Amino acid sequence: MTMLHIMILIPFVFAIFVPLLYKYFNKRLHSGWFVILIPIIIFVYLLQLIPKISSGATIYETIPWIPSFGINLDMYVDGLSLIFGLLITGIGALVILYSIYYLSKEKEALHNFYVYLLLFMGAMLGLVFSDNILVLYVFWELTSISSFLLIAYWYEREKSRYGAQKSMLITIFGGLAMLSGFIMLSMITDTYSIREMFAMSETIIAHDLFLPAMILILLGAFTKSAQFPFSIWLPDAMEAPTPISAYLHSATMVKAGIYLVARLTPIFGGTAEWFWIISIVGLITLLYGSFNAVKQIDLKGLLAYSTISQLGMIMSLLGIGSAALYFGYGNEAAVYAAAITAAIFHMINHSTFKGALFMVVGIVDHETGTRDIRRLGGLMTVMPITFTVALIGSFAMAGLPPFNGFLSKEMFFASVVKVTEMDVFNMETLGVLFPIIAWVASVFTFIYSMILVFKTFRGKYKPDRLEKKAHEAPIGMLISPIILASLVIVIFFFPNVIADLLLVPAVSAILPSLIEEGVLNIHISAWHGFSAELYMTIGVVVVGTIMYLLLKKWTKVYRLYPQNLTINALYNNSLETSQRIAASMTNKYMTGYTRDYLAYIFTFFVLLIGGTLIITNSITIDLTNDAPVNIFELAIMFSMLVAAFTILLAKSRLTAIISLGVLGYLVSLFFVIFRAPDLALTQLVVETVTTALFLLCFFHLPKFKEQTQKHKKGVPFKPLNLIISIAVGAVVTVFAFSANGTQIFEPIASYYEDSYELAGAKNIVNAILVDFRGIDTMLEIFVLCITALSVYTLIKLRFSRREK
Amino acid sequence: METLMSILIGVLFTIGTYLILTKSLIRIILGTSIISHGVHLLILTMGGLKSGGPPLLGIDTTTFTDALPQALILTAIVINFATTALFLVLSYRAYQELGTDNTAEMRGDENE
């Protein structure tokens with residue numbers, strides 16, 4: 001157990017104690033004050049790792065879990081996972097602080113909330129630090145589950161349940177696809193360790209399973225990171241409490257897909273497929289998200305689409321940057337490595353400004369009772385601090401100086417411009433689209449950022465349309481957004497501190513070969529002359545401002561797209577259809593008649609046993625070892641057949657019962673012939689008692705002919721049942737043949753032949769029953785006792801209904 | 001002998017299965033009894049028939065029939081007896097309460 005493992009384990013362990021703390025302290029102290037210690041402890045632990053990691057070292061610790069399968073808790077810290085770890089715990093601490101003021105300790109089920117939150121935190125830390133892909137997968141699904149629980153936190157609301165189900169279905173689908181991709185990867189490389197796979201990158205790319213494995217893994221990453229067309233779950237996930245939206249659905253969990261893509265870039269990067277799929281999906285998501293964000297009337301909906309859009313942007317940067325691995329090293333590679341730097345840098349920036357914005361929206365919601373843009377307005381004077389934070393966050397999101405979003409946005413523009421000059425992967429055909437899509441999407445980003453801040457805080461104050469009288473939030477609630485907003489500005493002025501401490505190690509983890517060659521030189525500056533990216537930013541601001549001012553004139557375009565053709569409609573329809581089909585299928589075969597179910601069971605018996613016999617090719621008919629038959633035995637057999645058919649065809653119960661008795665006695669005769677005296681004796685006794693019992697009930701049970709007037713002539717004829725019955729009989733016969741014709745193991749009977757020495761008994765069968773398998777027999781007697789009691793109770797039982 | 005027994009067992013299973021698939025409770029019970037006879041004979045046949053003397057030490061023989069299937073069957077006979085008895089009483093009581101032994105009629109429709 002190392003420090004690193006303990007840090008990942010703490011959230012899980014502490015989660016167990018949260019309900020207890022809640023029970024005993026809730027009246028005096030908000031449970032969040034206990035929980036906040038956990039992320040702070042881990043954050044501090046990770047902070048002190050920074051000097052070590054930034055000097056190029058890594059940490060690797062392992063604990064065996066299932067060593068025989070090569071599945072161990074291999075934890076690995078490098079620059080990339082460290083950034084995620086810091087984000088998870090840092091934002092986590094701020095979010096918990098915020099939640100202490102956001103969620104009332106009187107009204108909310110806080111113990112559930114914090115248990116889920118800690119579960120998520122632990123899972124997310126485990127995810128980013130795991131080197132073993134199967135362990136990573138386990139943590140990956142655990143984040144999906146905790147996200148599901150948190151979205152459905154207000155489970156009494158229908159929309160929450162809908163959103164939770166949607167996110168669950170989509171992310172788990174992706175997770176399972178990813179698992180199969182991982183299994184393919186491990187089949188190719190014969191290892192579960194990601195770092196060992198790096199070394200085998202060329203083997204993987206040359207393998208037949210390369211493309212399926214890559215696509216399946218990307219499905220996992222795209223569903224988790226809400227990439228188009230899987231993005232539809234994220235807006236519905238906004239039903240979660242706002243601290244959760246800020247934490248899971250903007251700052252951390254949705255970035256797990258980004259993490260995975262970045263983590264696996266050394267394996268898949270440098271191939272045209274990886275480059276194209278990720279860049280194109282990312283760019284489409286970027287445009288789709290920003291375009292749809294503009295039409296939202298719910299502030300959280302707007303932020304959700306904006307998150308989708310920003311995730312798309314980071315994703316496309318990772319795609320573009322993967323080209324660096326194609327070029328190996330040299331100046332050309334360094335150009336694309338800058339895209340990776342931009343991706344990681346923007347991811348950090350996005351967590352800061354989007355976290356702040358979510359918290360601001362939460363405050364607005366909390367203090368006014370609504371998030372509807374049409375009802376809000378003029379809050380600037382009422383909530384000046386909230387307004388300032390919102391302004392900083394929005395301008396950073398729009399990519400304006402002096403905020404950190406400007407830096408990473410410029411780097412993004414630089415990358416999409418540079419990529420058009422690339423002459424591999426058929427870039428000359430579609431490459432020109434990259435900067436165009438990026439620029440258009442940025443214009444929409446600018447517009448929705450302006451909507452967010454100006455429609456809410458400027459304009460006319462409409463107190464009559466708000467549910468509460470608006471006022472500034474309590475200071476505790478403002479601390480977290482203020483910290484994040486300060487970071488937004490600090491990062492703008494001192495970007496190279498972050499670059500040296502965090503970005504360089506992270507990029508070197510994604511592009512290991514470049515660092516060795518020393519070509520990677522990350523230096524971020526706000527001013528780099530009148531370059532293409534600066535003109536693009538100016539263009540965004542000018543066109544964005546014009547379009548924002550003319551918003552009413554052109555928002556009609558959103559109504560042009562038919563509602564029933566959206567991906568959401570597709571999701572809803574397919575869900576409904578599958579439910580309907582499932583229900584009608586179930587109704588078809590679940591008839592409620594036991595005999596139908598028995599027919600299924602028999603059919604499956606035939607298919608299973610018969611099928612196994614055929615598939616394993618074990619049908620043998622070997623007549624050579626048969627014991628001789630004499631005329632007496634033939635006579636018994638014939639009599640048994642007659643008795644059995646009599647039972648089947650009997651018109652009266654008495655005939656049937658007596659024939660059954662005959663059959664039983666004939667069986668006991670066979671036991672005699674087959675050298676089984678004990679069986680014969682038992683069978684005789686049991687058969688006598690059973691027949692007597694049948695005859696006792698004889699008086700009370702209805703006659704056969706009474707049951708159905710139509711079938712007075714004995715058993716009704718049903719062709720299907722006959723076919724099933726004959727099939728069962730045939731399978732059993734073939735099975736018996738094969739059993740006689742095959743001998744796989746030596747019989748163990750000779751062991752029991754020493755029964756006199758072992759158990760002091762001369763009757764071997766008796767020795768087996770009462771000695772070798774004595775407990776078994778005792779339990780059998782126990783069963784008999786239960787049956788006797790049941791029989792007695794059944795006879796004595798009188799239903800209350802009858803007594804009335 | 002084994003061949004003939006296998007066929008006989010198959011026939012017993014066929015008849016038993018067909019009876020179980022009918023609607024009458026008493027036929028279902030008869031069917032289960034026939035199938036259990038079939039099972040007993042099947043286990044015995046699979047162990048090999050007449051391959052030695054009865055599994056009793058002290059009698060004048062050196063080879064014994066396999067005793068293990070016999071022990072299994074003995075257990076099966078007793079358990080089968082118990083279930084048959086329970087079944088019978090159950091159907092007797094069901095008939096008393098409901099006035100039918102037809103499983104299709106027993107099924108009420110109020111809770112459908």
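Analyst: A residue is called buried if 20 or more other C-beta atoms, placed from the backbone, lie within 10 Å of its own, exposed if 12 or fewer do, and partly exposed in between. By that rule, 57% of the 112 residues of chain B are buried. The model is predicted, with local features needing pLDDT of at least 70 and side-chain atom pairs pLDDT 80 or more, while totals for chains, interfaces and linings use all residues. Residues are numbered from 1 along each chain as its sequence is written, and chains are lettered from A in the order in which they are written.

Chain B has 4 helices and 0 strands (DSSP runs, numbered from the N terminus: H or I of at least four residues for helices, E of at least two for strands). The order from the N terminus is α-α-α-α. Its C-alpha atoms fill a box of roughly 65 × 30 × 20 Å along the principal axes. The radius of gyration of chain B is 19 Å, whereas a compact globule of 112 residues would have one near 13 Å (taken over C-alpha atoms; the globule rule is 2.2 Å times the number of residues to the power 0.38).

Chain B meets chain A through 74 residues of its own and 83 of chain A, where contact means C-beta atoms, placed from the backbone, within 7 Å. On the chain A side, helix H35 (residues 719-741) gives the largest share, 14 residues.

A separate core of 75 residues includes A:Leu660 together with B:Ile28, B:Leu74 and B:Phe81; such a nonpolar core joins buried Ala, Val, Leu, Ile, Met, Phe, Trp, Tyr and Cys residues through C-beta atoms within 7 Å.

Definitions and conventions:
Two residues are in contact if their C-beta atoms, placed from the backbone, lie within 7 Å.
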